[in-house]
Amino acid sequence: MTREVVTKLLESKDGLELGGETREITMIMSDIRGFTAHIADMQPHQVVLFLNRYLGKMVEIIQDHGGIVDEIMGDGIFAFFGAPEPLNDHPARAVACALKMQIAMEDVNACNRKDGFPCIEMGIAVHTGTVVVANIGSERRTKYGVVGSEVNLTGRMESYAVGGQVLVSDATYERMPNTLDVADVLSVQVKGLASTSVLYDVIGISEPYNVRLPVLIENLIPLREEIEVRLYALDRKVVAGEPLSASITHFSPKRVTVWSTYPLNRWDEVKIQILDTNLALMSRECYAKVISVKQVEGQYECLMRFTSIPSEVVGALQQAASA
């Protein structure tokens, strides 16, 4: 944690006591999309370089905005703002930090390309809630962190974010409704909650931070001929059920249009295996999240956002696309 926080804890007579207090804070949870697939063919030293480059940049940005890194979970980061030092503007700091993290991914990927590593994308959730902040653990091992149901909610929100996206909860948005630039408003069913939750796809924040994500325009290109694929539903990142026959009709490096006779749902995660011209499975597979579904004459037109796609699959689909 930051030097200022360490100093505060050490100088307080109760700083190292096991205990806690209830505090409203704002939390960030981020995760690299398709990380396991990206590192499948890497050597251990390459994985460490690849991961630490990303983590080093993200932790620097979080600390620059006054945040505390609570946990690094492989390629995931959980951080919070507003404790132990109270911050009146912790929601705005957290959102500005999340946007800066997304912008910094371009620098990370520039280094990855230089070293021959794959480019990566990250999804981020931002949520404000009341939690217990405390020194948690034992006399042998103690960590200053947060616990509570709001932490779990932040993690579940993060699962809805696609690469490059910052999803902000209603609880965070309502504290600064006139300062955020929103691209879309999502209504999702979060596990553990009876009612639907509203999430805001935030692309910018105004004064005093003035941070805005770059506008990316990417058109789906129609394929000259449909390409047959096999879809595998994922349940908590594990393949569940039998493969489903489907076809790809439109493509871009980040999105794909898939037609299926099987009713997929928005936010489903799938593994996609593409068939070559001889109807044999290509050796490399890709992963995607369903972001919209439309039923047309007994079939389902699904727009999917890739979470992981090997470069050779991109090349194969580009060759199949019309000019």
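A salt bridge here means a side-chain nitrogen of Lys or Arg within 4 Å of a carboxyl oxygen of Asp or Glu. You're looking at a predicted model, where local features need pLDDT of at least 70, side-chain atom pairs count only at pLDDT 80 or more, and totals for chains, interfaces and linings use all residues. Residues are numbered from 1 along each chain as its sequence is written, and side-chain values use heavy atoms, with hydrogens and water left out.

**Exercise 1.** Find the salt-bridge partner of R113 and say how exposed both residues are.

*Solution.* Start at R113: its salt bridge goes to E106, with the closest N and O atoms 2.9 Å apart. Next, check accessibility, where buried means under 20% relative accessible area, exposed over 50%, and partly exposed in between (1.4 Å probe, protein chains only). R113 has 44%, so it is partly exposed. E106 is partly exposed too, at 47%.

**Exercise 2.** Work out what R53 holds on to.

*Solution.* (Helices are DSSP runs of H or I, at least four residues; strands are runs of E, at least two; both are numbered from the N terminus.) Then list its contacts, meaning heavy atoms within 4.5 Å. Beyond four places in sequence, R53 touches V108, C111, N112, D115 and F117.

Now pick out the salt bridge: the side chains of R53 and D115 meet at 2.4 Å, N to O. D115 lies in the loop between helix 4 and strand 4, so this pair ties together parts 62 residues apart in sequence.

Finally, look for polar contacts (N or O atoms within 3.5 Å; within protein, one must be able to donate a hydrogen and the other to accept it, and residues adjacent in sequence count only if both atoms are side-chain atoms). The side chain of R53 makes one with the side chain of N112, at 2.9 Å. A polar atom of the R53 side chain also lies 3.4 Å from the backbone oxygen of C111.

**Exercise 3.** Describe the largest nonpolar core.

*Solution.* Begin with the term: a nonpolar core is a set of buried Ala, Val, Leu, Ile, Met, Phe, Trp, Tyr and Cys residues joined through side-chain atoms within 4.5 Å. The largest one has 41 residues, and Y54, M58, V95, V126 and I205 touch the most other members. Helix 4 gives the largest share, eleven residues. A second, separate core has 27 residues, including L244 and F306.
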